[in-house]
Amino acid sequence: MIDLRKLTYYQTGGGCDKFYAPTSQTELQSAVSDLATSNTPYFILGAGTNSLVSDRHWQGVVLSLHKMNVLEVRGDVIVCQAGVLNASVVSAALANDLAGVGWMHRLPGQIGATTRMNARCYGGEISQVVKSVTAVSAQGELRTYRHASMFRGYKDTVFMRNGDIITAVELQLQAGDKKNIQSLMRHAERDRIAKGHFLYPSCGCVFKNDHRLGLPSGLLLEKAGVHRLAQGRVFVNRKHANFIFNDGGSSADIVSLSLQMREAVYQQFGIWLQYEMEFLGKFSPDLQAELQRQEETDMGNSNYLALLAVRGRCK
């Protein structure tokens, strides 16, 4: 049995019956085709950085892409398999004086997942540099995407909706000045450290920003007072209220705390936050029901409008 706690940033999760780490696109394609034929449940585990694995034993298969980690630099294009770490992409770009991915410095995770969720930070977004994507469908068919429509918007892509598994990504970068690239990298690193990103096991931001609002979710969470919340040995990062830290708790503790955070913002501001963190495996029926619960966002809520006005005067 594989202990999934050792493969996730939160360091939580149960075990699984079968674990498979293909080394190539062909191997992954074959595995997915076989799983579809046998109707065997499975989920994809990248670097385990933006996901929460259930404490319950998973009776299906876990597919890990960490062995699909080949990276090539071809002029101003970086070609990488899905399991290549973001850190490796940034290092390769810097070594070749290529600009476009410095904002990913110290961003945990693999390039396949970064592309799948259209990651964004420090003024950069992966959609700005992706040239093409190769993916495997849920039936094991190979597909190539070369059009911008694969990116639907902020942290939203076709891959999050159609279930295709990204196997390789081509990044179109541009010649840059090494000092400027390093300056952006230092800025990203300093900000992450200042916000305590690496103090405890975490998965990064729990909730997405809603860009209709004009306010980041972290600010709404902070003003709702969630930085004082804790669930057992799981607690909110006091320097960045959209982070949950784990100091020896369980996945169930993390889910319970996240639900309290979401409810606090809703009660205070009428804003219903959407999860950025993804949930893998099966959770208890009561937690699953709460995770799937939806409420309408009230952008006319007086507390939200007051906060928005104060925030606007401070800019």
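The model is predicted, so local features need pLDDT of at least 70 and side-chain atom pairs count only at pLDDT 80 or more, while totals for chains, interfaces and linings use all residues. Residues are numbered from 1 along each chain as its sequence is written, and side-chain values use heavy atoms, leaving out hydrogens and water.

Start by selecting Ile78, Val89, Met104, Ile126 and Leu171: of the 43 residues in the largest nonpolar core, these touch the most other members. Such a core is a set of buried Ala, Val, Leu, Ile, Met, Phe, Trp, Tyr and Cys residues joined through side-chain atoms within 4.5 Å; buried means under 20% relative accessible area with a 1.4 Å probe, protein chains only. Among the elements that each supply at least two residues are α1 (25-38), β7 (77-81) and α5 (178-194). Next, show α2, which gives the most, with five residues. Helices (H or I, at least four residues) and strands (E, at least two) are DSSP runs, numbered from the N terminus.

Now centre on Leu171. Its contacts (heavy atoms within 4.5 Å) include Ile78, Cys80, Val89 and Ile126, not counting residues up to four places away in sequence.

For the second, separate core, of 32 residues, pick Val206, Leu215, Leu219 and Tyr275, which are included in it.

Finally, display β17-β18-β19, an open antiparallel sheet in that order; strands pair if DSSP finds at least two bridges between them. β17 (230-231) and β19 (244-246) are the edges. Look for Ala230, whose bridge partner in β18 is Phe235.

Conventions:
Buried means under 20% relative accessible area, exposed over 50%, partly exposed in between (1.4 Å probe, protein chains only).
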